[in-house]
Every structure is written in structure tokens, then in C-alpha cells.
Amino acid sequence: MNLTSKRKSLKKLYEPFGLIFVKAHITPNVITVISICMGLLAAFSFYKEKPLTAAFFLFLSGFFDLMDGIVARETEKSSKFGAVFDWLADKFVDGFVLFFIGITYSTPLLTALAVVVNMLHTFIKPVAYAEIGFANREKGKIDDPLEGIGFFGRPETLMTIIVFAVLEHFHILGGLETGFIIITALMTLSLAQRVIYLYIKYNKDYD
């Protein structure tokens with residue numbers, strides 16, 4: 001699916017909400033901190049086996065994660081630190097959420113695999129851009145074919161967690177136990193897709 005590659009078209013749907021934060025004079029970094037707090041509350045709620053509450057907080061975390069970028073662009077307060085902070089915030093939340101879902105609803109082995117694969121799936125891009133380069137950067141956002149590779153990224157992961165958290169609340173389809181297996185499998189396949197893409201395109205000596 002790769003919703004990240006479609007962010008330019010999807011931005012029209014959520015950009016009006018970001019303008020509210022602009023008018024409220026809330027800085028991008030403060031919004032990022034709010035996103036982290038919501039993510040930690042989601043992770044804690046999963047640990048306490050309150051999936052519906054966790055789904056709500058995880059939705060808010062993802063929502064605020066979208067808002068910080070809009071506010072940064074609209075107020076022209078984009079910074080290199082902000083871009084890095086946003087990346088780190090995402091992985092901080094993802095790591096805690098997957099870890100606590102795993103130890104509560106799954107096995108230690110699958111939990112370790114999910115957390116490691118999730119980190120690799122994200123950081124393969126900055127490593128590739130640092131080592132190989134990228135096509136273009138515009139206002140802090142990289143525009144490169146690799147952005148469109150990988151069918152199961154962060155947006156898809158969060159959406160799937162939320163769906164299975166709701167199913168867990170109503171005891172449908174195995175809930176988060178089943179969902180965690182599916183999420184881990186799809187993240188692994190998506191990571192393999194990115195590795196294969198890089199291997200085919202760049203398996204050659206440096207010039």
C-alpha cells in the first residue's frame with residue numbers, strides 16, 4: 001500500500017487540522033512531544049490490557065505526528081533538529097508500542113523480531129541515503145524512488161494495530177495475538193522488498 005508515498009495527495013485531507021495548531025501558536029517540537037506522550041500512554045494501555053483505550057491514544061499519537069510537519073511548514077519553522085527529532089520520536093513510540101503489545105499478547109521471540117524488523121524497516125532508508133544518496137530533498141522531505149518501496153510502513157502498521165486492538169476488545173478473530181503475527185509478517189516482507197530493491201539497483205562497486 002505504502003501510504004507514505006502518497007503523502008502529497010493525502011495531505012489535503014488532514015492539512016486543515018494543522019492550521020488550527022498554527023493559529024494556536026503551538027510549536028512543531030511541542031506537538032512532537034505530545035505525540036510521544038500519547039504513544040507512551042498507548043503502550044501502557046496495551047500493557048494493562050485496555051486495547052480500546054490504547055487504540056484511542058495510538059490514533060492521537062499518529063494524528064499529532066502528522067500535525068508537527070504541517071505546522072513546521074506553514075510557520076516556516078522547519079529545522080534540521082526538528083526533522084531528526086521527529087524520526088526519533090516515531091521510533092521511540094513504535095518500539096514501546098510493539099514491545100508492550102508483544103509481551104502482553106504474544107511471545108518473547110516474536111516480540112524481539114517485531115521490534116528489530118520495525119527499526120530496520122525505517123532506518124534502512126536514512127542509511128541508504130547516507131551511503132548512496134537520494135534524488136531530491138524539498139523542505140526537509142526526501143523525494144526518492146526508495147520512498148515508494150515497502151508496502152507496509154509506519155502508517156499501515158499503526159492502522160493495523162488500531163484495527164486489531166478494536167477486535168481484541170470485542171474478542172474477534174483472535175484480536176491482538178493474531179494481529180501481532182500478521183503485522184510482524186508484513187513488516188518482514190516489506191523490509192525484504194526494500195533490501196531486494198537496493199540489491200538489484202545498487203549491487204555494484206563504488207565509482
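**View 1. Helices α6 and α7 come within 8 Å of each other, axis to axis, and cross at roughly 165 degrees.** Here α6 covers residues 154-169 and α7 covers residues 175-202; helices are DSSP runs of H or I, at least four residues long, numbered from the N terminus. The axes are lines fitted to C-alpha atoms over the stretch in contact, with angles from 0 to 180 degrees between N-to-C directions. The two helices are therefore roughly antiparallel (over 145 degrees). This is a predicted model, in which local features need pLDDT of at least 70 and side-chain atom pairs count only at pLDDT 80 or more. Residues are numbered from 1 along each chain, and side-chain values use heavy atoms, without hydrogens and water.

**View 2. Here are the residues where α6 meets α7.** From α6, the contacts (heavy atoms within 4.5 Å) include T157, I161 and F164. Their partners in α7 include L176, I182 and M187. By class, the contact has 8 nonpolar, 5 polar and 2 charged residues.

**View 3. Helix α5 (residues 108-131) packs on α7 at an angle of about 30 degrees.** Their axes lie 9 Å apart. That makes α5 roughly parallel to α7 (under 35 degrees).

**View 4. Let's look at the residues where α5 meets α7.** Which residues of α5 meet α7? Among them are L110, L113, V117, H121 and I124. On the α7 side, the list includes F180, T184, L191 and R194. This contact divides into 13 nonpolar, 6 polar and 2 charged residues.

How values were computed
Angles under 35 degrees count as roughly parallel, over 145 as roughly antiparallel, 65 to 115 as roughly perpendicular and the rest as oblique. Ala, Val, Leu, Ile, Met, Phe, Trp, Tyr, Cys and Pro count as nonpolar, Asp, Glu, Lys and Arg as charged, and the others, Gly among them, as polar.
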